[in-house]
Amino acid sequence: MRDLSPSTSYEGTRARVAGYFDGTATRVWERLTSDAPVSRIRQTVRAGRDAMRALMLAQLPHDLRGVRVLDAGCGTGAMSVELAARGAHVVAIDISPKLVEIARVRLPQGLAGHVEFRAGDMLAPSLGRFDHVIAMDSLIYYTQPDLEAALDGLAAQADQIVFTVAPRTALLMGMWYAGRVFPRADRSPIMIPHDYRRLNVAALSRVGRVSRGFYISECLKVTG
């Protein structure tokens, strides 16, 4: 199968993602990840993200006391809240300072001592060692070489990585082509669909897929 990924560097993609989430998309994501009314299309995205978050959390022990977890690409913090509620010490990091601030405000006061918020690169080795890494929809914009390199780096820092990719389905490929042909200034960074079976990553296994309307994502994990 021909590789359709655009040729760009990890740094270039990261800058584009940061510009989107820290710019016109900030309020959209703040609303989408709240209880506020949204359009029917965005309702499917919200439901899909809720289902995927539950699937990913099910890969970790229920009791996370004494466990250090990296929420890589924490967004507005829903995953961090769930992890902290189980007792984990969470390092919640996102490339968008604006989303991190929303996450900080939303964190229940009783969980404040369990979450350390940071704005920056989720792949930074300086973040230290973790028992688990969760990366929900934060690696979906990267080419196969960049994705593989990111997972190799995270695997050196953690015993388990639970993450998502955009699966290579007919619907997502159609959306991929539409985004390439009809670019828009406020369009989100283009997802790069992947066939997980083609990823050259050690100890990789498939967890499952969530498909809810306009939300389609595949959960995978890497275990040490």
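This is a short walk through a predicted model of one protein chain.

Start with confidence. The protein chain averages a pLDDT of 89. Of its residues, 88% score at least 70. Over residues 1-7 the pLDDT is below 50. Beyond near neighbours in sequence, residues 1-7 have 16 contacts in the model. The pLDDT also stays under 50 over residues 180-186. For residues 180-186, the model has five contacts beyond four places in sequence. Where pLDDT is low, the predicted coordinates should not be read in detail. Keep that in mind when you look at either stretch.

Now trace the chain. It has seven helices and seven strands. What order do the elements follow from the N terminus on? They run α-α-α-β-α-β-α-β-β-α-β-α-β-β. Take the contacts between residues at least 6 apart in sequence: 71% of them join residues at least 24 apart. Gly19 lies in helix α1, which covers residues 10-21. Gly19 and Ile95 are 76 residues apart in sequence. In space, their C-alpha atoms are 9.2 Å apart. Gly19 itself is partly exposed, with a relative accessible area of 47%.

Next, look inside. The protein chain has 224 residues, and buried residues make up 50% of them. The largest nonpolar core holds 64 residues. Which of its members touch the most other members? They are Met56, Leu70, Leu83, Val133, Ile134, Leu139 and Phe163. Pick Leu139 and follow its contacts. Leaving aside neighbours within four places in sequence, Leu139 is in contact with Met122, Leu147, Ala150, Leu151, Phe163 and Thr164. Phe163 is on both lists: it is in contact with Leu139, and it is named among the core residues that touch the most other members.

Aromatic rings come next. A search of the whole structure finds four aromatic pairs. Tyr20, Phe21, Trp29 and Tyr141 form one aromatic cluster.

Turn to the cysteines. How many disulfides does a search of the whole structure find? It finds zero. Cys74 counts as buried, at 7% relative accessibility. Cys219 counts as buried too, at 0%.

Charged side chains also meet. The structure holds 11 salt bridges. In one, the side chains of Arg118 and Glu116 come together at 2.6 Å, N to O. Arg118 is partly exposed, at 31% relative accessibility. Glu116 is partly exposed as well, with a relative accessible area of 25%.

Another salt bridge joins the side chains of Arg197 and Asp195, at 3.0 Å, N to O. Asp195 is buried, because its relative accessible area is 17%. The cut-offs explain both labels: buried means under 20%, and exposed means over 50%.

A further salt bridge links the side chains of Arg209 and Glu218, at 3.3 Å, N to O. Arg209 is partly exposed, with a relative accessible area of 41%. Glu218 is buried, at 2%. This pair belongs to a network of salt bridges that links Arg206, Arg209 and Glu218.

Where is Asp137 placed? It sits in the loop between β4 (130-135) and α6 (144-155). Asp137 is buried, with a relative accessible area of 11%.

Ala203 is found in the loop between α7 (170-181) and β6 (204-212). Ala203 counts as partly exposed, at 42% relative accessibility.

Conventions
Residues numbered from 1 in each chain as written. Predicted model: local features only at pLDDT ≥ 70, side-chain atom pairs only at ≥ 80, totals over all residues. Heavy atoms only, no water. pLDDT = per-residue confidence, 0-100. Contact = heavy atoms within 4.5 Å. Salt bridge = Lys/Arg side-chain N within 4 Å of Asp/Glu carboxyl O. Buried < 20%, exposed > 50% of the residue type's maximum accessible area, 1.4 Å probe, protein only. Phe/Tyr/Trp six-rings, centres within 6.5 Å; stacked < 30°, edge-to-face > 60°. Core = buried A, V, L, I, M, F, W, Y, C linked by side-chain atoms within 4.5 Å. Disulfide = S-S within 2.5 Å. Helix = DSSP H or I, 4+ residues; strand = E, 2+ residues; numbered from the N terminus.
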